[in-house]
Amino acid sequence: MDVFIELNQIQAEFQKDLDLASDLAQLDQLKIRYMGRSGSVTNLLRKISSVQKEDRPRFGADANKLKSEISDFMSRKANEIQVGSGRKTIENLDVTLPGRLPVIGALHPTTQIVREICDIFVSLGFSVIEGPEIESDKYNFEMLNIPKGHPARDMWSTMWIDNPNHSDTNSTLLRTHTSPMQARFMESTTPPIRIVVPGKCYRYEATDSTHEWHFYQIEGLVVDKGISFANLKGTLYEFAKRVFGDDRQVRFRCDYFPFVEPGVDMSISNFKDSEGNRPIKGKDEDWIEILGAGMVHPEVLKSVGYDPDVYTGFAFGMGPERISMLREGIDDIRNFYSNDLRFLGQFV
Ligand code: PHE
């Protein structure tokens with residue numbers, strides 16, 4: 001007989017038997033009949049070797065579910081029977097039994113890594129600022145030296161909100177990065193500035209193991225008199241060591257982002273040790289890119305009313321999910337938002 005049909009039959013029979021049971025002795029009998037050494041559930045589980053390979057995980061899951069259902073139902077019934085005979089309940093009450101722990105929720109793995117990263121920057125003197133997820137073209141692009149028609153706009157596949165022609169600077173969109181907060185924050189304050197901006201971003205992209213249409217970024221911005229590229233390197237090196245361990249090396253290479261000049265990406269080292277193992281699991285490369293950065297572009301400083309001859313600064317942006325994936329050996333970004341408790345539970 002097909003094991004899945006058999007499983008359903010056992011479930012149905014059990015429900016009938018359970019309805020008929022009226023005292024604890026009968027419940028004990030039931031337990032032996034279904035869960036005992038040659039009970040029907042135990043026998044069914046033994047048949048797993050005859051189940052087609054591709055059906056096994058489903059069979060295993062169904063059978064385990066049945067097992068826990070049966071024990072749940074039996075303890076509920078046992079309770080009912082005991083409550084029915086009140087005096088007995090008190091006699092059977094064992095106050096020395098350990099209590100049952102309630103299931104307690106925990107922070108989402110993204111929240112955990114975002115907080116961890118922000119805490120690192122707070123300890124380096126940064127403040128944490130948040131900004132709107134619905135942005136205007138002006139802050140997401142224009143003020144960041146990405147005018148209309150600029151080919152660099154293609155780096156950020158955009159979800160527009162209200163104006164499909166997006167010809168107007170006020171047209172709204174779901175921010176494609178946290179960089180608009182660079183302009184917003186600079187515009188509303190005067191240097192010195194040292195901020196990190198965590199938040200959700202959105203891109204009009206097909207999802208796969210390394211791309212989500214929505215994800216987090218953490219932006220960083222430092223502006224003051226005399227800020228140099230050495231400050232950028234030192235700060236980000238310290239950050240990399242705190243997240244990935246003291247023996248991590250970092251490498252900077254030229255990269256292009258319209259709002260920084262020079263622009264770089266930063267990679268962390270992933271060399272094989274003497275046994276041929278790499279520190280970052282599942283990545284067979286010597287260097288792994290973790291963020292984009294650069295010196296704030298003079299045009300951006302001008303657009304917020306700062307004099308680029310007086311003030312300089314650096315900015316950086318990173319994807320916290322990606323950082324968590326590298327450190328924890330997670331191979332699919334979609335795990336973060338598919339809400340499978342088997343994944344989420346590993347971060348409790
Ligand atoms: N905003 C950039 C992106 O989304 C990252 C970045 C931020 C690069 C700040 C340089 C400086 O790709």
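Tutor: Let's go through the ligand site, a helix and a loop residue.
Student: What should I know before we start?
Tutor: This is a predicted model, where local features need pLDDT of at least 70, side-chain atom pairs count only at pLDDT 80 or more, and totals for chains, interfaces and linings use all residues. Residues are numbered from 1 along each chain as its sequence is written.
Student: OK, which residues surround the ligand?
Tutor: His-177, Ser-179, Glu-219, Phe-257, Val-260, Gly-292, Ala-293, Gly-294, Ala-315, Phe-316 and Gly-317, each with its C-beta atom, placed from the backbone, within 6 Å of the ligand.
Student: Which strands each supply at least two of the shell residues?
Tutor: β9 (287–296) and β10 do; strands here are DSSP runs of E, at least two residues, and helices are runs of H or I, at least four, numbered from the N terminus.
Student: Switching topic: how many residues of α11 are buried?
Tutor: Seven of its nine. Buried means 20 or more other C-beta atoms within 10 Å of a residue's own, exposed means 12 or fewer, and partly exposed is in between, with C-beta atoms placed from the backbone.
Student: What covers them?
Tutor: The cover includes α6 (109–123), β6, α9 (229–244), β9 and β10.
Student: And what comes after α11?
Tutor: Gly-329, with a positive phi near 70 degrees.
Student: Where does Lys-283 lie?
Tutor: Lys-283 is in the loop between β8 (260–269) and β9.
Student: Why does Lys-283 count as partly exposed?
Tutor: Because 15 other C-beta atoms are within 10 Å of Lys-283.

Notes. Two residues are in contact if their C-beta atoms, placed from the backbone, lie within 7 Å.
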